[in-house]
Every structure is written in structure tokens, then in C-alpha cells.
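Visitor: Could you walk me through this one while I have it open? I'd like to jump between topics as we go.

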Amino acid sequence: MTYLVNNSADFVDESIDGFVAANKDLVRRVPGGVVRATRTPPGQVAVVIGGGSGHYPAFAGLVGQGLAHGAAMGNVFASPSAQQIYSVAKAAASDAGVLLSFGNYAGDVLNFGIAEERLKAEGIPCRCFAVTDDVCSGPAERASERRGIAGDLTVFRAAALAAAEGKSLDEVYEFASHANDRTRSFGVAFSGCTLPGAKEPLFTVPKGRMGVGMGIHGEQGIDELDLPSAAELGDMLVDRLLDERPSGIQRAASPRVGVMLNGLGSVKYEELFVLYKRVSERLDHAGLTVIQPEVGELVTSFEMAGVSLTLFWLDEALERAWTAPATTPAYRRGGVALEGEPRNDSDDAAAHEESVPAASEESRADAAGMLAVIEAIQAKIEAEAEALGKLDAISGDGDHGIGMATGANAALAAARNAVEKGCGAGTVLERAGDAWANEAGGTSGALWGLGLRSVGARIGDRDSVAAPAVAAGVADATDAITRLGGAQVGDKTMLDAMKPFSNTLAAEVESGAHLREAWNRAAEASEQAAQATAELKPRLGRAKNHSDKSVGHPDPGAVSFAMIVAATATTLESLHEDVT
């Protein structure tokens, strides 16, 4: 719950600005988040972390010497966009590349993955690593599906030490993976939290009860129990984590462990210390040697009442990482001198200056046609936003129409600006896609941004827009969305309408059809496929938890895709009449 700010968008921007003003000796504001106040030294991998706002000290509070080089900050409880991640990473990057690390949530995996591909396409070495420490969010045999919670910190610490020691990007990645393999967390919740501007809590826990394994955004846990005593809860937390000792840790040995007892917002320090007393006793009784325990708030969730316990099973290398000095706004251990030259305003301006790429006269002429495509998309979405929201509300959260409208409006503004500056056709689509993803948020925003950018990259700025390039661009977009979004045909997603469109368009163009004819036939195939999703059960996203409600109604993402490609068919007439 917030008392001074009632708008989540204002909350995030003003919070970051205030945070930077209070810590300007350690961090600098850049588009999308924050970076260290000093440049990353040459030869040192930059560790860029991130996730949704509302979890301070994660993630901005962990930027500084001995920890992250930068943090991308999304809206409240929402993944940062690929554009935000890209901007922060580019500002932090050195010649050695960037490791992007984050909790294993679908939106983060998608957006960080898109940013990784963009960075690599520009020649910046980059890898992604998702933290998976929450033992309640998946079985041990499928540990890669687990969420990342407070154990993010151990992985970030390990990656930061490896980077500071001059390890290569692959070596930093491997050491982060090793830390993740040795990290286990278990959390409980006593009450939910209320987002800025909201009248009701995001989720609740019945009075006198405790949600076992509940996630920091209210994700479903594994059980609900009567509220225990501090001693009983300490026993539960320790016993559950001892049952998941990493492979190679002998029960007869006396292993050394880093320990974090994390308060999620409303359970404050004195009460945490009461709980830690029991945790410490149980760990000692189990024969574990505790190294540098952390008791406090490390990953929060506004005023959520809850705690989590993390065990970091140490070897010699991991112990060095756990005990290494660090100086960040929210995490200070030992003393560490600032390394790297101070940043100045020209650093940030150079990293984010938006130039006008060279383009041929033919491509500039076709840029107006690409603008017409975006105008048609925006107009169609504006007209259908309410209907899309109602369709989405059947088995989702009802925000698909609003999200699509926000993205389309941003894309249109960016496309107009690109045309006014004299950009080519490909750049117009790329900038429209970036703006869509950056402003819309959510999975659909990321996917539409990725799709427009993929088509734009294939069309380019050198030649006139030709049918083979358009078909190849749509195929590129479909492949990228399949790869990074994780969906397959039949999962009841946008892809169910997109794949038939791409396949039909490619076949028609290859047969010699003009672009307008090929597009119209592909749009018809997409519409049929979108309506056919009504018979499918969703296997991905929020709707999978309400699959019975979804059956009998088409997927909103598939429907919006089909209506968009149908609406844009007439705009292709603004391109060359004989495009084949």
C-alpha cells in the first residue's frame, strides 16, 4: 500500500528519480533503470540485473561496486521491457560483454531474451541467466521451471565477483549457474499487498492462516496452514531446505552455508531476529556452519507480510563470492574502492543517442507505406479495444485491449517521428516495435514489439519493399516469437493465428502472387485459425489456470492478430503497384 502516490506509472518514475538523487555517488539514472556511477572497466563483463518495481532493495538497490553494474526496472510487479533492458545494458557494457540475470518469470525470460538478441546483433557479447531458487514453485526434477526469489542475491554476488576478477562472459555465466545450483529458498506469507492506486489487495491470506510457498506476487503456493509460532515456523523453513541439499553435499559432513532470512515488507527486524534465533539453533543442530548470515529486507513486496529463508551451500569459491566486499545503496559489506572512471552526461547521451541510419530514396519513399500500416493497426485496435478486453476477461485479467491500445498508440507516435526524420522503411517498423514493447508492457507488448522489429530488420533501409522480403520478415518474426515466447501451435496463443498467416503468405509469394493478393489470402487463413482456437484449451499464460472458462471462446491474442493483418491489407496499396 502507498500513501503518497496513487498512480503506479508515476510511482515508478518518481521513485527511481528520488533513489538516484539520494545515492548519486553510487548510481546514475539511464533510460530504463540505473547503472553504476563509474564506467565499467575495459575487459570486465557487466552484470545487469532487473525485474519489476516494488521489491526494493531488488533491483536498483543492488547496483554498485561488488554487485551489479546496472539494473533495468519495470513497472510495478511487471518485467522491464526489452527496450529498457537493452538501454541499461548498453550503458553498462564494456568490450567484454554483458550478463543479464533475473528471476525466472515468463515476462522477464521473454524480454531479457529479446534484449540479448538485440545486443548480440550489434556485436555486444551477451548471455542471459534466470535464477531458480524457490523450492515450492516446482519439483526438484524440474528445477529449471522454478521461480527466482530472494536467492537472486547469491547469484548476483557470484556473477559480480567473477566479473571483477576478469573472467570471460562464459566463465561469469558458469559461475552464476554454479551459485544457482547451490541456492535454495522457501517462503511463506501471512497477508498480501496493495499496489499503488488500487483499492483492494492484490491477493489475501485468510486471517489466522499462512500461505506456504506463496510467491512474492501472490502466485499460488503449495499449502495453507494455521499461523504457527516463531519456533514452529523456524523448524518448518529449515527442515524443508535441508530436505533439498544440493547433490554432492554429504549429510555426514559439516557444510558451510550462507544464510538469508528475508522479510517481505511488514515483518520487521525485531520479529525477524526472533525467528532467526530458532533458525540458527536448528542449523547448528544439523551440523551446518553459518557464514555471514543476512537478516533483513533483501527482496520485498510492498507491505506484504511474509518471510523467506535461503541457504547458500558454499564451497571455497562460492564462499569468496558470498563474503566479498560490496558497496551499493542497499547492501554494504566491508569496504570496496570505486573502480572505473566516473560517468558524465556525455556517456549516457552517447549510449542512447538515436541517429538516423542511412537509407535509399526508395526505402524513404516506402517509409510512408510502413507508417500507413501502423496507422491502420492503431485505428483497428482503438475500435476493438473494449471487445478485446471483454474477450480476455473470460479467462484472463481483461487487460489485453488496453495493453494493445497503449502499444499501438506508442508505435504510431514513434513511426511518425521516424518518417519525419527521414528514416527508411525498415527503421520505421523497428522503432515502432521498440515503442510498442516499451510502453505496452506484458507478454503481448513484448511479442508485437519483437514481431515488428523482426519484419523491419528483414526489410531494411536499402531497397524498395518487396514481397519476398515481407514474407521472409513475417517468417523471421514467427520464428523469433516461437523461440523466445516458448509457445507452440495448439497452445491457444497468438501463434495459432500467426503461423498459418506466415505459411500462407510465404507460399503465395513463392507462387508469384502480388503482395496485396498474398496478404489477403494469408489474412483469411489467419482469421479461420483464430476462430478455431475456441475449441482449444490454453496451455500457457494465466488462462491455463482457467482452461474450462476459455473453451468455447477464441484466444484474444489470436483474434487481435487476425484482425490486425486483415485491417492492414488495404495499406499495402501505398507501396509499389507491382511489388512481387
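**A buried serine, the sheet and some salt bridges**

Guide: S308 counts as buried, at 4% relative accessibility, where buried means under 20% relative accessible area, exposed over 50% and partly exposed in between, with a 1.4 Å probe and protein chains only. This is a predicted model, in which local features need pLDDT of at least 70 and side-chain atom pairs count only at pLDDT 80 or more, while totals for chains, interfaces and linings use all residues. Residues are numbered from 1 along each chain as its sequence is written, and side-chain values use heavy atoms, with hydrogens and water left out.

Visitor: Which strand is S308 found in, and what does S308 touch?

Guide: S308 belongs to strand β12, residues 305-313; helices (H or I, at least four residues) and strands (E, at least two) are DSSP runs numbered from the N terminus. Leaving aside residues up to four places away in sequence, S308 touches A150, F186, G187, M260, L261 and N262, a contact being heavy atoms within 4.5 Å.

Visitor: OK, and in what order do the six strands of the open sheet come?

Guide: The order is β9-β8-β7-β12-β10-β11, with mixed pairing, and two strands pair if DSSP finds at least two bridges between them. β9 (223-226) and β11 (289-296) stand at the edges with a single partner strand each, so one side of each has no neighbour in the sheet. On average, neighbouring strands of this sheet are turned by 20 degrees against each other, direction ignored; axes here are lines fitted to C-alpha atoms, for helices over the stretch in contact, and angles run from 0 to 180 degrees between N-to-C directions.

Visitor: How many bridges join β10 to β11?

Guide: Six bridges join them, and the two strands run parallel. L261, one of the residues that S308 touches, stands opposite V295 in β11.

Visitor: Which strands does α6 lie across, and what about α5?

Guide: α6 lies across β7, β8 (209-212), β9 and β12, at about 40 degrees to β12, whereas α5 lies across β7 and β12 and runs at about 55 degrees to β7.

Visitor: Switching topic, how many salt bridges turn up in the whole structure?

Guide: The search finds 33, a salt bridge being a side-chain nitrogen of Lys or Arg within 4 Å of a carboxyl oxygen of Asp or Glu. Among them is the pair of E165 and R320, whose closest N and O atoms are 2.6 Å apart. This pair links distant parts of the chain, 155 residues apart, with E165 in the loop between α4 (152-164) and α5 (169-181) and R320 in helix α8 (residues 316-323).

Visitor: What about E281 and K277, how far apart are their closest N and O atoms?

Guide: They are 2.9 Å apart, in a salt bridge. E281 and K277 are four residues apart in helix α7 (residues 269-285), so about one helical turn separates them. Salt bridges that share partners join D235, D239, K277, R278, E281 and R282 into one network.
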